[in-house]
Amino acid sequence: MGWPFSRIGASGFSSYSTAKEVTHGIDGSGLTAIVTDMIGAKTVKEAILKEVPTAKVDVMELDLSSMTSIRNFASKFNSYGLSLNILIYNNWCAYGQSKLANILHANELARRLKVAPQREDGIDITANSVHPGGTRSTNIHIHNRLLTGLVKIVRLFGVEKILGLMAKNVQQGASTTCYVALHPQVSGINGKHFADNNLAEVYSHGRDVDLAKKLWDFSINLTK
């Protein structure tokens, strides 16, 4: 199903589009991606390998609240000698603030990439933020007390089926991330926000240049 009243955007896709549809015909082999996710990493790895036995998937320990853990993760990844082509950050802690921080960080990184000297290898690096939309059937609520409570309330009032029709399935929920990471339509686009596989506007806080710089400087000081 998908979101009601969904329409196809300028990209040719909508909230109904799935990850498979937005990446159709795109060869992502040879690309290295880091996806941070606190939930079900080993289960995801098993599912990927079951469907694509030749896929190379490694689960590494990373605690984003610990600088020691982050440094150990970075050191281990660097030891592999791989180029990092795609970085996807997911976090359910302090959800609203973390999403705003994602947007601000991407905007500031994009701004700095624009003013940075051209890379010697000629590769353009871009930074964009993504909102995947509400997704059902991920069981993410079992790891969060607040979400578990909301699910119980929904079931109590008997509107679970209605909400289920409004939410995306897993394939649709993954599509915008896959679209921004791999689709040639996004090549060269920098410092933008995407939702439902299309460019989207953000609230004023997400466009606050000074706040983005402040967050960047705070992060730099935190990681010294």
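In which sense do S3 and strand S4 pair, and over how many bridges? Parallel, over three bridges, with S4 covering residues 193–195.

A word on the basis: this is a predicted model, where local features need pLDDT of at least 70, side-chain atom pairs count only at pLDDT 80 or more, and totals for chains, interfaces and linings use all residues. Residues are numbered from 1 along each chain as its sequence is written, and side-chain values use heavy atoms, leaving out hydrogens and water.

1. The sheet is open, has three strands in the order S3-S4-S5, and mixes its pairing (strands are DSSP E runs of at least two residues, helices H or I runs of at least four, numbered from the N terminus; pairing takes at least two DSSP bridges). S3 (129–131) and S5 (198–200) are the edges, each pairing on one side only. Val130 has Phe194 in S4 as its bridge partner.

2. Phe194 also belongs to the largest nonpolar core, along with Phe13, Val22, Tyr179, Val180 and Val186 (buried Ala, Val, Leu, Ile, Met, Phe, Trp, Tyr and Cys residues joined through side-chain atoms within 4.5 Å; buried is under 20% relative accessible area, exposed over 50%, partly exposed in between, with a 1.4 Å probe and protein chains only).

3. Now the charges: Glu108 has a salt bridge to Arg111 at 2.7 Å and another to Arg112 at 2.9 Å (side-chain nitrogen of Lys or Arg within 4 Å of a carboxyl oxygen of Asp or Glu). Glu108 counts as buried because its relative accessibility is 2%.

4. Arg112 also bridges to Asp217 at 4.0 Å. Arg112 sits in helix H4 and Asp217 in helix H8 (residues 209–222), so the pair ties together parts 105 residues apart in sequence. Shared partners join Glu108, Arg111, Arg112 and Asp217 into one network.
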